[in-house]
Amino acid sequence: MATKVDKDREKILQVEVKRRRVKAGGGYEPFWKLKDLDVALVDEDTEFRCKDCGGALKVFKSHKAGVPVAHAEHKERADSEYCATGLHFKKATDGREPRPSAHPVE
Ligand SMILES: [Zn+2]
């Protein structure tokens, strides 16, 4: 059981990417923009976070045919357990409420 490959992987296809915009009065300020992950990869974005909990993501790129498309998973299991899009959250049967990541990416 422990060695079995977990086929129930998270598959987050939409993420927030960190961008910069011109601030009123000069300079730049960072902001988070919602994007499809495959578009973000083409645009060469490098900073990602979960759009629902703000938690860190692991990004899996795919360039091979037949392999699942690029997707992201929560880096921290705790995020996955309490994020609305988290795999472990969806599996939970205790009626828990989603909550933001304890370690959001800022
Ligand atoms: Zn999340």
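Q: Which residue in E2 is the bridge partner of Val15?
A: Two strands are said to pair if DSSP finds at least two bridges between them; strands (E, at least two residues) and helices (H or I, at least four) are DSSP runs numbered from the N terminus. Here the partner of Val15 in E2 is Lys35, and Val15 itself is found in strand E1. Glu16 stands opposite Leu34 in E2. This is a predicted model, in which local features need pLDDT of at least 70 and side-chain atom pairs count only at pLDDT 80 or more, whereas totals for chains, interfaces and linings use all residues. Residues are numbered from 1 along each chain as its sequence is written, and side-chain values use heavy atoms, with hydrogens and water left out.

Q: In which sense do strand E1 and E2 pair, and over how many bridges?
A: Strand E1 covers residues 14–22, and its pairing with E2 is antiparallel over nine bridges. The two strands form a hairpin with five residues between them. Within the turn, Gly25 has a positive phi of about 95°.

Q: What is the strand order of the open sheet?
A: The open sheet has three strands in the order E2-E1-E3, with antiparallel pairing. Strand E2 (28–36) and E3 are the edge strands, each pairing on one side only.

Q: Does Val15 count as buried or exposed?
A: Relative accessible area decides this: buried is under 20%, exposed over 50% and partly exposed in between (1.4 Å probe, protein chains only). Val15 counts as buried because its relative accessibility is 0%. Leaving aside neighbours within four places in sequence, Val15 is in contact (heavy atoms within 4.5 Å) with Lys33, Leu34, Lys35, Leu37, Phe48, Arg49, Leu57 and Ala72. By C-alpha distance, Val15 and Pro30 are 16 Å apart in space and 15 residues apart in sequence.

Q: Where is Asp45, and which residues does it touch?
A: Asp45 is found in the loop between helix H1 (37–42) and E3. Its relative accessibility is 10%, so Asp45 counts as buried. Not counting residues up to four places away in sequence, Asp45 touches Val17, Arg19, Lys35 and Ala40.

Q: What is the phi of Glu44?
A: Most residues other than glycine have a negative phi. Glu44 is not a glycine, yet its phi is positive, at about 60°. Glu44 also lies in the loop between H1 and E3, and it counts as exposed because its relative accessibility is 65%.

Q: Which residues are the protein donors of the zinc ion?
A: Donors are N, O and S atoms within 2.8 Å of the metal (3.2 Å for Na, K and Ca); water is not among the atoms, so sites may look incomplete. For this zinc ion the protein donors are Cys50 (SG), Cys53 (SG), His74 (NE2) and Cys83 (SG), at 2.0 to 2.3 Å. Their spacing in sequence is C-x2-C-x20-H-x8-C.

Q: Why is the arrangement around the zinc ion tetrahedral?
A: Four donors count as tetrahedral if all angles lie between 85 and 135 degrees; four count as square planar and six as octahedral if opposite donors are over 155 degrees apart and all others between 65 and 115, and anything else is irregular. The four donor atoms around the zinc ion subtend angles of 106 to 112°, so their arrangement is tetrahedral.

Q: What sits over the ring of Phe31?
A: A charge sits over a ring if NZ of Lys or CZ of Arg is within 6 Å of the ring centre and within 35 degrees of the ring normal. The charged end of Arg21 is placed in this way over Phe31, 4.4 Å from the ring centre. Arg99 lies over the face of Tyr82, 3.7 Å from the ring centre.

Q: How many helices and strands does the protein chain have?
A: The protein chain has three helices and five strands, running β-β-α-β-β-β-α-α from the N terminus on. Its C-alpha atoms fill a box of roughly 60 × 40 × 15 Å along the principal axes. Of its 106 residues, 29% count as buried.
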